[in-house]
Amino acid sequence: MAERTRLARVREELQAALEAIIQDLGGPAGTRVVLAEPTEAGRADLATSVAFGLARTLRKSPRDIAAELCARFPGHPDVEALGAEGPGYVNVWLRTEFLSGVVDDVLSDPQAFGRSDEGRNARVLLEFVSANPTGPLNVVSGRAAALGDSLARLLNFTGWRADKEFYLNNAGVQILKLGQAVDLRIRELLGEEVESTWPEGVYPGAYVRDAARAYLDERGANAPRSHEILGAFAADFFTDRQREVLERFRVHFDSWAEERRFRESGAAEAVVRALRQSGHLDERDGAVWFRSTAFGDDKDRVVVKSDGSLTYIVPDAAYHWDKVRRGYDRLIDLLGPDHHGYVSRITAILEALSGQGSRLYVLIVQLVRLMRDGEAVRMSKRGGEFVELAELLDEAGVDAARFFFLERAPETPLDFDLGLALLSTQANPVFYVQYAGARIRSILRQAAHETVADGPRSLLAAPEERALLWDLASFPDVVARAARELSPHWLTRYLVELAGHFHGFYRQHRVLGGDPDTVRARIDLVRAVLAVLETATDLIGVEIPQTM
RNA sequence: GCGCCCGUAGCUCAGGGGAUAGAGCGUCUGACUACGAAUCAGAAGGCCGUAGGUUCAAAUCCUACCGGGCGCACCA
């Protein structure tokens, strides 16, 4: 699996050949040739614009240089032709026999096709969702969940060892406020009127009643009701709910780190001690400050407030320090856009503590707007009213939700069209992709009764077939790019393209019932397409149903 | 005021130095007596927010401005 792919090999060989010719022509030493897919599909298989850069030193037009490169090209068994076109491009067409070999590449080990060892077994910890356990998960957490989980799948597929972790903020001020809210809701359940005197800053959401009811059911009306006890109970209660909906969303965390532990174990105080010993702390205005500006932050940060309590960054720092000590080579945090200011301070403190600030990479996941009938569905956490992930899953289903969340690059704001997610037509990309898979499975079921040839397979030379071969051959590149850029949206785009090419092929050509050589070739082709569809959907956590 | 994200077809968005800027939806026109028409084929549709600059070459890089979103705590 660590072998280069078919496409990578021929690309490297051609690049080397062209670079050698450039040296013969007197081009600058070390000139690199980059062969890539032209922006416009169908213009060529691969192309390079290297001639433009050589024009000055060779004192010839790019067009002449491109022509000369083509004329001197010694030939390559996998290349059909080279051509100089446009103002100076060198275009490459590959032999169809060469491309069709990709079917064997896929079928020789269908589940491994596209794998790589790019990560070289380095360990990555992906931390995501990490929602406060003060209520149900909302749709924004859903996007982070889909992203983080798919990134883990992608990284594991490309040679990293990735773990998924949820950081539970189950201690501190917010949890006390939650406990207060539970206390009020319990009074309410016991008959008191509480709404008119609801205190500022205490969670107003009606969902807190669920926790209150659970407390009464489990512990009874006479159980102790300090804010601390109630807060801890409710945090556990909502954590369980969150875990349930995440499992339903096919997101399973390898581990759950608890803020409570970092506070109780003294790890948080140890951070302050370590910073003090290394001389990074100042006392000012009755508080203790960390000089984070020395590490690139835009202002210094308070770590111990004037009332003696710790700010939230201290246990967070303890947590990240712990990640480094657990031996992770890379730490990836998925955070919301409201946390982008957090990046420089947590990097600074990690650097001060361990010298490993550069291991942390923070991916800012932009907002989700739910759209229904062209209107944004209002979500306001302050008013205690927002769309829960569970509701979205009820309405749209797991596959559509995951696919839609992953359609955009993480740092791009996302509009989630609820109406579209419910459609079972081409307009709905999830459906379109799944339908391609269902069609192939249907063909393969019927192929069981078909006689196929045993001999050499016919060529798959029709344009629709060639398009599919090209898709298959480039799949490993797509996977590599999605993993490298931490952007699974390359996979969703790829899936729609592959499914589209399959549907086009399907309308134009029959798989079954032709001459045995062609039947065999086409069955193998669609088996390979199905295998890649399955791998790609699996990487984003979407399933292809057997029948639809 | 400062920081981050975003301005590309009517809509939702790809593309982030190189060819005539791509895709899906929507619109219009066609295609089922054979494997699933929940599909396919074709057409129309663009001063890539504006203005400068760098470059042989800019949607892409730089600067300024305009517009939209989100932040800027001894909250987390």
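**Helix pair, then pocket**

I started with H4 and H19: H4 passes H19 in a left-handed crossing (near helix turned anticlockwise from the far one by less than a right angle; clockwise would be right-handed). Helices here are DSSP runs of H or I with at least four residues, numbered from the N terminus. I'm working from a predicted model, where local features need pLDDT of at least 70, side-chain atom pairs 80 or more, while totals for chains, interfaces and linings use all residues. Residues are numbered from 1 along each chain as written, chains are lettered from A and ligands numbered from 1 in written order, and side-chain values use heavy atoms, without hydrogens and water.

The axes of H4 (residues 96-108) and H19 (residues 516-539) come within 9 Å and cross at roughly 55 degrees (lines fitted to C-alpha atoms over the stretch in contact, angles from 0 to 180 degrees between N-to-C directions).

Next I checked the second largest pocket, about 1100 Å³ (probe spheres set on points joined across faces, edges and corners). A pocket is an open set on a 1 Å grid, 1.4 Å probe, with protein on both sides within 12 Å along at least five of seven lines; lining residues have an atom within 4 Å of a point. I noted 32 lining residues, with Glu37, Trp470, Asp471, Ser474 and Glu497 nearest the centre. H17 gives the largest share, 10 residues.

Notes. Helices (H or I, at least four residues) and strands (E, at least two) are DSSP runs, numbered from the N terminus.
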